[in-house]
Amino acid sequence: HRFQISGDRLNSKNGWYILFPGEHTGFFGSWKLGIKHHWSAGATTSQLENILITNAINKLRKQREIDLRIKQESVADYANQLWSKSNSADSRHPYLVAKGCRNYGLRQKGNILIIPIYDKGELVNLQYISPNGEKRFLNGGKLKGCYALIGSPLNISDLYICEGWATGATIHEETEATVACAMSAANILSACQLLQIQYPHANLIIAGDDDRQTDG
């Protein structure tokens, strides 16, 4: 069975458990954290039960991967439709003005800025930015290893990798180099690893946020 873990995003079901009725034993864990624990009310599992548990966990993992891929493909299709129907971003958008950035190919729907998120050059997700700077992605879209690209994807010598789009826009304006925005600090490593494969001859330069004075 799958369940939501306290503190995780609403409607997410990263928690899982397998229980054996009458045996007072089972396993539980988190897909998100990659952890697994055995629970037993005094009884120990037999070798056969351990095999059954392992098979059940593997089956759950495979089904989760299938469900995740189907969801991500559906979101990617939706993202491409939205992107194609959107207009070029207004350079006077409050967020761009506040950050002192040009629009660098962004698009806009209503008063919402739209940032395209790519995986190996394919549009797979979008980030929405409201006039007050509130950000959100398409629910269920792929993010790990993905990036927003500013600048030409061709003949890259230096490839800067940073966190947010506004930081990337500033780096591009100052250096004229191509910049990949990982969109979160947690995604920088994954984005770097995949970009290194995609652009093997590029010199990767990490431009991390200086958060030493930030609370937390």
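This is a predicted model: local features need pLDDT of at least 70, side-chain atom pairs count only at pLDDT 80 or more; totals for chains, interfaces and linings use all residues.
An open sheet is built from five strands. Their order is β5-β6-β7-β8-β9, and the pairing is antiparallel. In general, strands of a sheet pair through backbone hydrogen bonds, in either a parallel or an antiparallel way. Two strands sit at the edges of the sheet, β5 (87-88) and β9. Each of these edge strands pairs on one side only. Strand β7 spans residues 112-119 and pairs with β8 over seven bridges, in the antiparallel sense. Across this pairing, Ile115 stands opposite Gln127 in β8. Helix α1 (residues 47-84) packs on the sheet. The helix touches β6 (107-109), β7 and β8. Its direction makes about 65 degrees with that of β8.

The loop between β8 (122-129) and β9 (135-137) contains Ser130. This serine is buried, at a relative accessible area of 14%. Leaving aside residues up to four places away in sequence, Ser130 touches His93, Tyr95 and Ile112.

Aromatic rings were examined next. A pair of aromatic rings is described by the distance of the centres and the angle of the planes. A search of the whole structure finds two aromatic pairs. One of them joins Phe3 and Tyr17. Their ring centres are 5.9 Å apart, the planes stand at 40 degrees, and the pair is tilted. Phe3 belongs to strand β1 (residues 2-3) and Tyr17 to strand β2 (residues 15-20), so the pair ties together parts that are 14 residues apart in sequence. Phe3 is partly exposed, with a relative accessible area of 32%. Tyr17 is also partly exposed, at 30% relative accessibility.

Trp16 and Trp31 form a pair as well, with ring centres 5.8 Å apart. The planes of Trp16 and Trp31 lie at 35 degrees, so this pair is tilted. Trp16 is buried, at a relative accessible area of 3%. Trp31 counts as buried too, with a value of 14%.

The cysteines were then considered. A disulfide is a covalent bond between the sulfur atoms of two cysteines. The structure holds zero disulfides. Cys181 is in no disulfide, and its nearest cysteine sulfur, that of Cys162, is 3.9 Å away. The cut-off for a disulfide is a sulfur pair within 2.5 Å. Cys181 is buried, with a relative accessible area of 0%. For Cys192, the closest cysteine sulfur is in Cys162, at 10 Å, and this is too far for a bond. Cys192 is buried at 10% relative accessibility.

Most residues other than glycine have a negative phi. Asn155 is not a glycine, yet its phi is positive, at about 50 degrees. Asn155 is placed in the loop between β10 (148-150) and β11 (158-162). Its relative accessible area is 81%, and it is exposed. Glu176 is likewise not a glycine and has a positive phi, of about 65 degrees. Glu176 is found in the loop between α3 (165-175) and β12 (178-181). This glutamate is exposed, with a relative accessible area of 70%.

Definitions and conventions:
Residues are numbered from 1 along each chain as its sequence is written. Side-chain values use heavy atoms; hydrogens and water are left out. Rings of Phe, Tyr and Trp (its six-membered ring) pair if their centres lie within 6.5 Å; planes under 30 degrees apart count as stacked, over 60 as edge-to-face and the rest as tilted. Helices (H or I, at least four residues) and strands (E, at least two) are DSSP runs, numbered from the N terminus. Buried means under 20% relative accessible area, exposed over 50%, partly exposed in between (1.4 Å probe, protein chains only). Contact means heavy atoms within 4.5 Å. Two strands pair if DSSP finds at least two bridges between them. Axes are lines fitted to C-alpha atoms, for helices over the stretch in contact, and angles run from 0 to 180 degrees between N-to-C directions.
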